[in-house]
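Okay, thanks for coming, everyone. Have a look at it first, and then I'll talk.

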Amino acid sequence: MGKGGDRTFRSLRGLERTASTSRVLNLAALAARNAGNTEHEKNPFFMAQSLNGAVIVRHRLRDAERESFDRLRYTATKLIIPFERSDLGLGGRSLFVSETGWLDVFEELRGDYPDFARDVAVLEAIDELPSLDPFLLREHMKRRGFDISPSHFEISAPDLAKMQRFVGTEIAKLIELAYRETDGQEGNITRLVEALLSARTDERLEPLRLTLRLEKENYKEGIFAWKGFLYYKWVLNTLWANLRDVFAELGRVRVIGPIDAETAHELEQLKHRLRQKMERQVKSVMGHLNTYDEVFSQLTMEGNAVAFRDFLLKSPEMFLSLGDGCGLVSHIATYWRYQFPRGKPLSANVLQLMDTLQDFELSLGSDLHEQAA
């Protein structure tokens with residue numbers, strides 16, 4: 001695939017120095033940033049060196065692209081091997097994980113390196129997740145048994161500290177409930193939160209497992225889902241202000257240069273549709289979080305561990321939908337701010353503005369049926 005007509009590369013050109021977002025994992029940028037880091041090179045993402053300069057994208061499928069899959073899908077994992085790592089806009093070759101015949105194409109793109117099955121398993125594991133958020137990706141790959149250097153999952157220390165504080169506040173009542181008969185533990189929320197957010201099984205969490213009434217074989221799955229909900233709550237908590245800015249600035253953004261009446265009308269219609277779809281997406285995300293909050297409240301206020309346990313074990317569909325929705329609003333909020341930095345004029349030429357808004361609209365889907373998928 002070349003660069004012609006594919007919005008992916010125009011969108012990625014601005015992410016060349018960005019290692020990861022909810023939609024993009026840029027291994028080329030990570031490799032450049034970690035040049036000389038022996039741990040990064042010793043424990044790579046893929047065994048094939050050709051793949052460690054790839055860009056992996058969580059991609060919303062167009063109608064024609066869906067025909068390449070054996071089952072109905074609305075999003076897919078796209079693997080892109082750039083022609084030039086330092087300039088993604090030049091294009092590259094790509095495939096969708098699990099599309100018909102993808103293994104043959106993957107083998108060709110990968111080249112003659114050992115451990116083909118391991119690299120296939122890595123891509124299939126990535127494809128299981130609703131987004132490429134580094135925290136969830138790191139946890140998921142560890143849970144699947146892949147030894148990958150932590151330098152591939154860039155969560156800044158300040159962000160991790162903020163998340164730990166947020167999670168500590170969220171689960172303080174549960175910790176009090178679970179550790180009320182354990183001397184000293186109830187006062188050490190910070191260490192328990194660190195244990196909870198760790199990918200390793202920690203004996204300090206045994207009272208929590210018993211409180212949630214999770215059998216050991218279900219414990220990892222249940223805790224992973226729980227960490228996912230907590231992570232998305234934290235992400236959205238940090239995004240609301242930026243998302244409100246998008247809603248406000250969408251009506252104020254000014255077009256630079258000439259624009260004819262027909263294009264101006266089309267632009268206003270696009271803004272109107274986009275605002276509606278964004279509102280619908282936010283409502284969907286909030287619905288999932290409200291359901292989580294309700295069963296968590298039943299656990300901490302009423303001691304109803306069964307309802308919360310059942311929610312965790314029976315919520316993969318909701319978890320995937322929440323992750324997808326969170327990824328979409330995160331992409332819109334962060335990319336809008338990238339295009340229109342604070343303190344700079346809120347303006348763009350008509351082609352740039354239309355391209356940005358059409359990308360947002362495309363990512364949000366074309367109808368209610370697609371949005372619910």
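So, let's begin with the aromatics: Trp226, Phe229, Tyr292, Phe296, Phe308 and Phe311 form one aromatic cluster. Before I go on, do keep in mind that this is a predicted model.

Stay with Trp226 for a moment. What does tryptophan 226 touch, if we leave aside its neighbours within four places in sequence? The list is Ile171, Leu174, Leu196, Leu208, Leu212, Tyr292, Phe296, Phe308 and Leu312. And Trp226 comes up again in the largest nonpolar core, which has 98 residues: along with Phe45 and Met141, Trp226 touches the most other members. The largest share of that core, 16 residues, is supplied by helix H11, residues 216-250.

Zooming out for a second. The protein chain has 16 helices and six strands. Of its 373 residues, 51% are buried. Take the contacts with a separation of 6 or more, and 70% of them link residues 24 or more positions apart. As for the surface, the chain exposes about 17900 Å², and carbon and sulfur atoms supply 50% of that.

Back to rings. How many aromatic pairs does a search of the whole structure find? It finds 18. One of them is made by tryptophan 102 and phenylalanine 106, a tilted pair at 5.7 Å centre to centre with 35 degrees between the planes. Why are those two placed to pair up? They're four residues apart in helix H5, residues 102-110, so about one helical turn separates them. In general, an α-helix has 3.6 residues a turn, so residues three or four places apart point the same way. Tryptophan 102 and phenylalanine 106 are also both buried.

On the H5 side you've got Trp102, Leu103, Phe106, Glu107 and Arg110, meeting Phe116, Asp119, Val120, Leu123 and Glu124 in H6.

Next, helix H9, residues 189-197. Its buried residues are Leu192, Val193, Ala195, Leu196 and Leu197. What covers them? The cover includes helix H7 (134-143), helix H8 (157-178), H10 and H11. And Leu196, if you remember, is one of the contacts of tryptophan 226.

Let me finish with two single residues. Threonine 211 is in helix H10, residues 206-212. Buried or exposed? Threonine 211 counts as buried, because its relative accessible area is 18% and the cut-off is under 20%. Not counting residues up to four places away in sequence, threonine 211 touches Leu174, Leu177, Ala178 and Ala305. Leu174 is also on the contact list of tryptophan 226.

The other one is leucine 313, in helix H13, residues 305-313. Leucine 313 has a relative accessible area of 33%, so it's partly exposed. Which residues does leucine 313 touch, again not counting those up to four places away in sequence? Those are Leu214, Asn218 and Gly222.

Definitions and conventions
Residues are numbered from 1 along each chain as its sequence is written. This is a predicted model: local features need pLDDT of at least 70, side-chain atom pairs count only at pLDDT 80 or more; totals for chains, interfaces and linings use all residues. Side-chain values use heavy atoms; hydrogens and water are left out. Helices (H or I, at least four residues) and strands (E, at least two) are DSSP runs, numbered from the N terminus. Buried means under 20% relative accessible area, exposed over 50%, partly exposed in between (1.4 Å probe, protein chains only). Contact means heavy atoms within 4.5 Å. A nonpolar core is a set of buried Ala, Val, Leu, Ile, Met, Phe, Trp, Tyr and Cys residues joined through side-chain atoms within 4.5 Å. Accessible areas come from the Shrake-Rupley method with a 1.4 Å probe; for residues, only the protein chains shown count as cover. Rings of Phe, Tyr and Trp (its six-membered ring) pair if their centres lie within 6.5 Å; planes under 30 degrees apart count as stacked, over 60 as edge-to-face and the rest as tilted.
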